[in-house]
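Trainee: I would like to learn how to read a structure with several chains, step by step. Could we go through one together?

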Number of protein chains: 4
Amino acid sequence: MRGNSFGKMFSLTSFGESHGPAMGVVIDGVPANLSFDLNVLQGELDRRAPGKIAGTTARSESDTAEVLSGIFEGKTLGTPIAVIVRNTNQKSADYDKLKNDYRPGHADKTTQLKYGIRDHRGGGRASGRETVSRVIGGYFASLVLPQVKVKAFVSKLGPFAYSALPENLNSSFGPYSFPDTTKNDEIKNYLEDLKSKGESVGGTVRIIVDNCPVGLGEPAFDKLKADFAKALLSIGAVVSFSYGLGEEMANMTGSAVSANASSFGGMEGGISNGERMVMTITFKPTSTVGEKAKEGRHDPCIIPRAIPVVEAMVKIVLADHFLRQNAYAI
Amino acid sequence: MRGNSFGKMFSLTSFGESHGPAMGVVIDGVPANLSFDLNVLQGELDRRAPGKIAGTTARSESDTAEVLSGIFEGKTLGTPIAVIVRNTNQKSADYDKLKNDYRPGHADKTTQLKYGIRDHRGGGRASGRETVSRVIGGYFASLVLPQVKVKAFVSKLGPFAYSALPENLNSSFGPYSFPDTTKNDEIKNYLEDLKSKGESVGGTVRIIVDNCPVGLGEPAFDKLKADFAKALLSIGAVVSFSYGLGEEMANMTGSAVSANASSFGGMEGGISNGERMVMTITFKPTSTVGEKAKEGRHDPCIIPRAIPVVEAMVKIVLADHFLRQNAYAI
Amino acid sequence: MRGNSFGKMFSLTSFGESHGPAMGVVIDGVPANLSFDLNVLQGELDRRAPGKIAGTTARSESDTAEVLSGIFEGKTLGTPIAVIVRNTNQKSADYDKLKNDYRPGHADKTTQLKYGIRDHRGGGRASGRETVSRVIGGYFASLVLPQVKVKAFVSKLGPFAYSALPENLNSSFGPYSFPDTTKNDEIKNYLEDLKSKGESVGGTVRIIVDNCPVGLGEPAFDKLKADFAKALLSIGAVVSFSYGLGEEMANMTGSAVSANASSFGGMEGGISNGERMVMTITFKPTSTVGEKAKEGRHDPCIIPRAIPVVEAMVKIVLADHFLRQNAYAI
Amino acid sequence: MRGNSFGKMFSLTSFGESHGPAMGVVIDGVPANLSFDLNVLQGELDRRAPGKIAGTTARSESDTAEVLSGIFEGKTLGTPIAVIVRNTNQKSADYDKLKNDYRPGHADKTTQLKYGIRDHRGGGRASGRETVSRVIGGYFASLVLPQVKVKAFVSKLGPFAYSALPENLNSSFGPYSFPDTTKNDEIKNYLEDLKSKGESVGGTVRIIVDNCPVGLGEPAFDKLKADFAKALLSIGAVVSFSYGLGEEMANMTGSAVSANASSFGGMEGGISNGERMVMTITFKPTSTVGEKAKEGRHDPCIIPRAIPVVEAMVKIVLADHFLRQNAYAI
């Protein structure tokens with residue numbers, strides 16, 4: 001009820017403060033007898049980890065997944081799966097000076113207002129580190145729906161824009177998840193330049209879902225589009241969500257919409273229709289700027305690292321709705 | 001679990017098919033001893049009702065609220081409040097021809113795929129009539145937080161756009177909820193013209209929230225922005241959500257964002273900071289066009305009628321989060 | 001969250017005060033395409049209705065089920081099913097004298113303490129009339145698991161005791177649900193004598209479940225026995241629950257238990273094992289005694305009328321767990 | 001939804017298999033700014049730990065609590081509190097022989113039937129070790145309601161019976177939690193004798209709650225008595241629950257009940273009335289008997305070790321209902 005759980009049948013409960021002992025997640029609702037591969041899970045965590053992408057934060061954190069329950073001899077048991085990631089890279093800094101330092105656009109002030117207490121050494125629950133729980137959850141969601149393809153990519157990052165949908169979703173889009181990989185060097189230089197200036201930048205991410213089963217999503221409040229919106233807006237820096245033609249529809253007539261099948265973004269009445277789903281979200285720039293942002297641990301643009309988090313949240317919504325729908329197939 | 005409930009402490013359960021006996025809602029979690037006024041509730045329903053706005057559907061439906069429980073001598077009892085609205089205006093049409101008529105962009109086909117059965121006489125649960133449950137819920141939510149001002153208005157409707165925030169939220173914006181009321185006649189003519197052509201149009205709605213208590217929203221999955229997004233995307237025709245500067249942020253630097261307090265849209269870290277909240281949503285045009293759309297019961301633009309629904313969903317989210325936060329104030 | 005909902009996948013939301021306009025229930029989670037028979041539903045309500053059993057309350061109430069949603073052409077739609085029963089038999093009594101009349105053992109005082117307000121004309125939500133919602137829910141639960149046989153019977157009613165398990169579960173046990181139907185006249189006389197004295201009496205009920213699928217129940221908190229216990233203790237007058245050999249086990253050794261398969265009551269580790277389930281509950285006598293109890297509307301023993309309620313709650317638990325288990329069978 | 005969570009506002013999510021890496025729990029809903037004392041928490045775990053009570057299992061396990069989140073500088077943060085206990089004492093036994101060894105009365109067979117897989121090295125989720133999560137939860141629940149006194153004691157253990165309510169709840173009842181501590185040596189001898197015979201025995205536990213706030217419990221499904229019943233029946237070996245005069249009421253008249261205030265067990269209409277609560281539960285004997293039961297790790301009677309688990313579950317129910325009630329006090 002304090003909002004640290006997500007999903008009804010495939011349910012995540014996330015815990016951990018960025019400067020506490022560990023981040024972690026309990027996933028209740030993973031079906032039994034699915035094959036578990038720690039290397040694949042670790043690979044997903046590595047995509048999110050800092051220090052792996054040139055131009056993004058240099059902090060090298062291991063983010064090593066430790067499975068505490070729910071797996072036996074390489075299979076899921078059907079019992080809750082708990083996975084933790086230790087917080088290893090906390091500097092013994094003079095944290096006292098941060099006690100009353102409320103960073104604008106962060107949860108520092110609102111956390112204090114809400115709880116009357118906070119762990120001032122970092123973002124606490126509001127830290128981007130909390131997203132490790134989601135990446136872990138996304139891995140297990142993909143075991144539930146292995147046939148579904150969920151691919152997110154950077155469609156805008158500062159001056160770099162990619163407005164089409166990439167043709168080959170199986171190819172890697174490189175360290176910046178930007179489909180036009182010929183721009184990688186330019187993006188790298190752009191980000192390093194931002195970093196040296198203590199500046200940050202926002203952007204957009206698009207998500208494609210292929211092979212989604214029909215009939216997922218519920219007709220009233222738990223429409224699939226509504227749960228996608230919630231899942232993606234629950235990521236700290238995300239400030240907008242749209243699907244299908246999105247905001248363009250404000251300028252369209254009904255005739256134009258009806259003539260364009262992709263208008264519906266793979267969902268009609270909030271229920272999947274079996275066609276390709278397309279969603280778009282906006283990330284705000286991180287609000288830490290200036291001298292502080294020149295320090296090693298700050299990213300000038302968090303979007304590339306957020307890609308696995310975005311994919312994970314979409315997978316979790318789909319796994320949850322798939323199990324819900326399956327319950328009633330009697 | 002079939003998604004007909006919304007909210008955790010202030011919880012709505014909606015029921016009813018458009019062509020069944022009645023629409024209704026049970027609201028569990030309304031605190032006791034609040035004063036109930038049936039006339040105010042009925043007034044909210046009337047704002048949503050068809051046939052009240054020139055240029056919108058001519059079907060005259062009474063949509064009379066009947067309270068079945070939870071109220072005693074003009075006060076809430078703290079017990080579940082059930083309210084129903086009878087469906088009175090169903091024509092004895094030849095519904096059989098609709099049996100295999102799947103309207104594009106509606107839930108007709110996906111409902112059939114999902115359940116293997118549907119009430120083909122109308123939209124069923126996916127009908128816009130389902131939103132009466134939300135308007136009723138919104139009325140009771142406003143009893144929980146009477147001091148909070150929630151105001152939605154049309155910021156775009158076809159060629160008509162209003163990009164500023166209106167200064168006086170207490171004034172009526174007229175039948176089209178468009179703040180520049182000098183345009184009312186033009187809008188009327190525009191809509192009647194659309195109607196005669198069997199055409200429809202989309203648009204945008206902005207929502208302002210003033211006087212929201214600080215500390216509402218939970219730091220991980222149930223961020224206030226996430227629950228607003230879900231609430232609003234659960235409305236049938238809504239295809240995008242943003243808050244604060246929204247999509248503009250994709251083009252902004254961190255410095256620009258930090259310099260602009262309204263960037264944060266009244267929420268930091270997903271938690272209300274006491275400042276004004278601003279959100280924007282896009283409505284797609286209704287996909288029913290052509291000869292069928294020229295019939296009386298079709299709106300060329302549903303947005304004006306959706307305004308009370310939008311306000312209700314925002315109020316429900318706020319009441320729910322207020323009660324959740326209050327639980328832990330011990 | 002105010003406790004008016006029960007079940008997770010097969011979920012009831014109950015509403016209504018005994019002296020308000022109507023009692024009702026919304027059932028969300030009934031699978032689509034099941035055949036609905038209003039006569040059978042009404043028959044279940046009639047079993048619970050007052051005035052049908054000699055020796056029980058003489059108040060003749062119709063308790064007519066009115067279906068508001070979720071059914072179309074005799075089939076469930078998969079959408080929420082709302083059913084109401086109007087409260088028709090409220091006398092225009094001088095209710096003011098009841099305002100500060102807190103009946104011992106009833107919820108009158110605690111309701112006032114809890115909410116600071118109550119509908120003093122009757123028991124409100126705590127009235128036995130609330131159980132119509134459960135009987136309705138039980139009917140729909142039986143559509144989910146038609147092959148499961150749930151049979152409750154009176155095993156003790158004042159001096160009348162039946163300690164064995166009846167052999168033929170399909171035979172009717174008559175108006176008192178007492179398997180030794182040769183005692184019916186004696187029971188009738190006994191109850192009429194109690195009534196004339198303004199006295200009441202308690203008793204016990206046993207429940208047999210045959211043909212339950214294996215694997216229902218969850219190993220930690222939602223053990224099947226735990227959910228049965230909750231379901232049955234949620235009935236107003238129930239003061240104890242046991243299953244299998246129950247309290248006898250306090251005096252038994254492990255050897256004795258292991259040697260007796262029926263010890264386990266059809267559940268091992270809280271999960272159904274496919275064998276017969278047996279449960280026993282105790283009803284306290286109604287605490288209204290003396291002159292007031294001699295009036296027409298009071299039952300000297302409510303147990304016979306509670307039998308369909310007991311069966312309904314057991315069916316609801318089973319349907320809920322069946323759908324939960326089915327969700328993960330992928 | 002797989003039943004590993006308990007409580008709505010004060011919510012536990014339990015994880016861990018007995019022979020996996022760790023047992024653990026995430027508690028979401030502990031209010032912020034409460035003082036945390038690891039020593040007190042550890043003391044509660046020690047009460048439950050094996051090998052601490054003469055006559056009970058000799059296995060010495062440390063059961064050391066490790067806090068992973070939610071605590072900062074000795075205070076609760078209001079964020080989820082994760083605590084784990086490593087499983088340290090697993091012998092490298094020849095587990096293969098256990099693969100098809102389904103112990104009667106345990107979850108072995110039903111777990112296999114339910115999931116199609118199980119960790120055959122031990123009881124898995126159904127192991128008594130799972131109860132460490134409850135003891136940890138109970139500690140945090142006691143921070144929410146420090147003024148409430150919850151005391152459980154053994155009222156029957158084989159031939160030893162204590163039928164009164166002890167006068168001084170603050171005194172220790174010794175290693176067997178039996179109020180007549182003069183019997184301790186006899187009990188010790190009795191248990192050692194059972195052990196040597198490979199035998200086990202059942203018994204009963206009574207729970208007293210003093211100083212409970214009025215108004216806790218919800219009038220329909222979430223009656224306080226119903227949630228107590230569920231909480232206590234969710235403990236593996238518990239086979240019955242009653243409150244107040246319990247089963248005796250089957251033999252009582254309404255007059256007798258009305259004349260006896262303690263009949264109501266501190267709850268009227270399922271809502272706390274401020275008076276003392278009394279509940280009684282039955283434990284079955286462990287069904288492992290014979291040669292296997294003579295090994296070190298088996299208890300001839302688990303009841304003394306279950307006392308802190310019983311107290312914890314009652315505290316958790318009370319904390320949960322207290323927060324729920326508090327939410328609506330606006």
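**Reading strands, sheets and interfaces**

Mentor: Let us begin with one pair of residues: Leu157(D) stands opposite Gly203(D) in strand 10 of chain D. Strands (E, at least two residues) and helices (H or I, at least four) are DSSP runs, numbered from the N terminus, and two strands pair if DSSP finds at least two bridges between them. This is a predicted model, in which local features need pLDDT of at least 70 and side-chain atom pairs count only at pLDDT 80 or more, while totals for chains, interfaces and linings use all residues. Residues are numbered from 1 along each chain as its sequence is written, and chains are lettered from A and ligands numbered from 1 in the order in which they are written.

Trainee: How many bridges join strand 8 of chain D to strand 10 of chain D?

Mentor: Eight bridges join strand 8 (residues 149–157) to strand 10 of chain D, and the two run antiparallel. Strand 10 of chain D also pairs with strand 14 (residues 277–283) of chain D, in the antiparallel sense over seven bridges, and there Val205(D) stands opposite Ile281(D).

Trainee: Why is strand 10 of chain D described as largely enclosed by the rest of the structure?

Mentor: A residue is called buried if 20 or more other C-beta atoms, placed from the backbone, lie within 10 Å of its own, exposed if 12 or fewer do, and partly exposed in between. In strand 10 (residues 203–210) of chain D, six of the eight residues are buried, so the strand is largely enclosed.

Trainee: In what order do the ten strands of the open sheet follow one another?

Mentor: The order is 9(A)-8(A)-10(A)-14(A)-11(A)-11(B)-14(B)-10(B)-8(B)-9(B), with antiparallel pairing. Strand 9 (160–161) of chain A and strand 9 (160–161) of chain B stand at the edges, each with a single partner strand, so one side of each has no neighbour in the sheet. Within chain B, strand 8 (residues 149–157) and strand 10 (residues 203–210) pair over eight bridges, and Phe153(B) has Arg206(B) as its bridge partner.

Trainee: Is Asn273(B) buried or exposed?

Mentor: Asn273(B) counts as buried because it has 23 C-beta neighbours inside 10 Å. Asn273(B) is found in the loop between strand 13 (271–272) and strand 14 (277–283) of chain B. Two residues are in contact if their C-beta atoms, placed from the backbone, lie within 7 Å; leaving aside neighbours within four places in sequence, the contacts of Asn273(B) include Lys109(A) and Thr110(A), as well as Val214(B) and Phe264(B).

Trainee: How should I read the place where chain C touches chain D?

Mentor: Start with the counts: 72 residues of chain C are in contact with 72 residues of chain D. The largest share of the side of chain C that touches chain D, six residues, comes from helix 5 of chain C. By class, this side has 25 nonpolar, 29 polar and 18 charged residues, where Ala, Val, Leu, Ile, Met, Phe, Trp, Tyr, Cys and Pro count as nonpolar, Asp, Glu, Lys and Arg as charged, and the others, Gly among them, as polar. Three bridges join strand 11 of chain C to strand 11 (residues 238–243) of chain D, which run antiparallel, and Phe241(C) has Phe241(D) as its bridge partner.

Trainee: How many residues of chain B are in contact with chain C?

Mentor: On the side of chain B there are 38, in contact with 38 residues of chain C. Strand 3 of chain B gives the most to this side, with four residues.

Trainee: What confidence scores go with the model?

Mentor: The model scores ipTM 0.96 and pTM 0.97. Chain A averages a pLDDT of 92, and 94% of its residues score at least 70; pLDDT is the predictor's confidence in each residue, from 0 to 100.
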